[in-house]
Amino acid sequence: TAGMWGDSANKSPRQLTARLSVGADGRLVTSDLGDYPTTGYWAQVAKTTDAGATWSIVFEDFDSDLYPNDIHCYDASTCSFVMEGMGAPQVVTTTDGGATWSRFTDSRGSSLMTVRMHGPSEVWAVGGGDKGRMWHTTDMVTWEAYETDAKLTEPAALLNVAFNGDRTVAWATGA
């Protein structure tokens, strides 16, 4: 996944913008964006089928003001990624190699950080905002939400999740 956080007009010396990236040699590379937007949040997903020799863009979103945080694929055709930004976070899924994408949005959270696929239609996404949350689906249509301990008094989010082999135990990190 690729995208941009925030406004390229910001001239902060520590901020890399959509016009700058780091090359394989560690040096800054300047990009000509043409008609690409350079303000706000945006997202892309690129795919390779030849071990990274060539890449094609299979998803672009310049309108929702969201950017991707994580992507996980079950196989070459079935993938999920999570986005957050200025709107409600989304889990975005494909079952046809990126030709079409479906979106799940839940306004109860403000952040989605990690996604894991455990089958061709089973997805777990973690994040939060007002409390740590996990979302789960076994059909990529119907989603169930889970929350961390309600005694949390500060905004919180789950940042990462790991499962044991049969998915009877999950471990999550949070902030």
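Modeller: This is a predicted model.

Biologist: Which sheet do β7 and β8 belong to, and in what order do the strands lie?

Modeller: The sheet is open, with 4 strands in the order β6-β7-β8-β9 and antiparallel pairing. Strands of a sheet pair through backbone hydrogen bonds.

Biologist: What makes β6 and β9 edge strands?

Modeller: β6 (66-73) and β9 (102-105) each have a single partner strand, so one side of each has no neighbour in the sheet. Neighbouring strands here are turned by 25° against each other on average, direction ignored.

Biologist: Which strands form the open sheet that includes β12?

Modeller: That sheet has 4 strands in the order β10-β11-β12-β13, again with antiparallel pairing. Its edge strands are β10 and β13 (144-147), each pairing on one side only. The twist averages 20° from one strand to the next.

Biologist: How do you know that β12 and β13 pair?

Modeller: There are 4 bridges between β12 (residues 133-137) and β13. The rule asks for at least two, so β12 and β13 pair.

Biologist: Which residues make up the largest nonpolar core?

Modeller: The core has 11 residues, including V82, V91, F104, L112 and W135. β10 (111-117) and β11 (123-128) each supply at least two of its residues, and β10 gives the largest share, 3 residues. L112 is in contact with V82, V91, A125 and W135, among others, leaving aside neighbours within four places in sequence. Another core, of 8 residues, lies apart from it, with A43, V45, F59 and V92 among its members.

Biologist: What makes E122 and R167 a salt bridge?

Modeller: Their closest N and O atoms are 3.2 Å apart. The cut-off is within 4 Å, so the pair qualifies. E122 is in the loop between β10 and β11, while R167 is in the loop between β14 (158-163) and β15 (170-174), 45 residues apart.

Biologist: Why is E122 called buried, and R167 partly exposed?

Modeller: Buried means under 20% relative accessible area, and partly exposed lies between that and over 50%. E122 has 14%, so it counts as buried. R167 has 34%, so it is partly exposed.

Biologist: What joins K131, R133 and E147 into one network?

Modeller: Salt bridges that share partners do. E147 meets K131 at 3.5 Å, N to O, and R133 meets E147 at 2.4 Å. Both values fall within 4 Å, so both pairs are salt bridges. R133 in strand β12 and E147 in strand β13 are 14 residues apart.

Biologist: Are K131 and R133 buried or exposed?

Modeller: K131 has 18% relative accessibility, under the 20% limit, so it is buried. R133 is buried as well, with 3%. E147, at 45%, counts as partly exposed.

Biologist: How many salt bridges are there by this rule?

Modeller: The count comes to 5.

Notes:
Residues numbered from 1 in each chain as written. Predicted model: local features only at pLDDT ≥ 70, side-chain atom pairs only at ≥ 80, totals over all residues. Heavy atoms only, no water. Axes fitted to C-alpha atoms, helices over the stretch in contact; angles between N-to-C directions. Core = buried A, V, L, I, M, F, W, Y, C linked by side-chain atoms within 4.5 Å. Buried < 20%, exposed > 50% of the residue type's maximum accessible area, 1.4 Å probe, protein only. Contact = heavy atoms within 4.5 Å. Salt bridge = Lys/Arg side-chain N within 4 Å of Asp/Glu carboxyl O.
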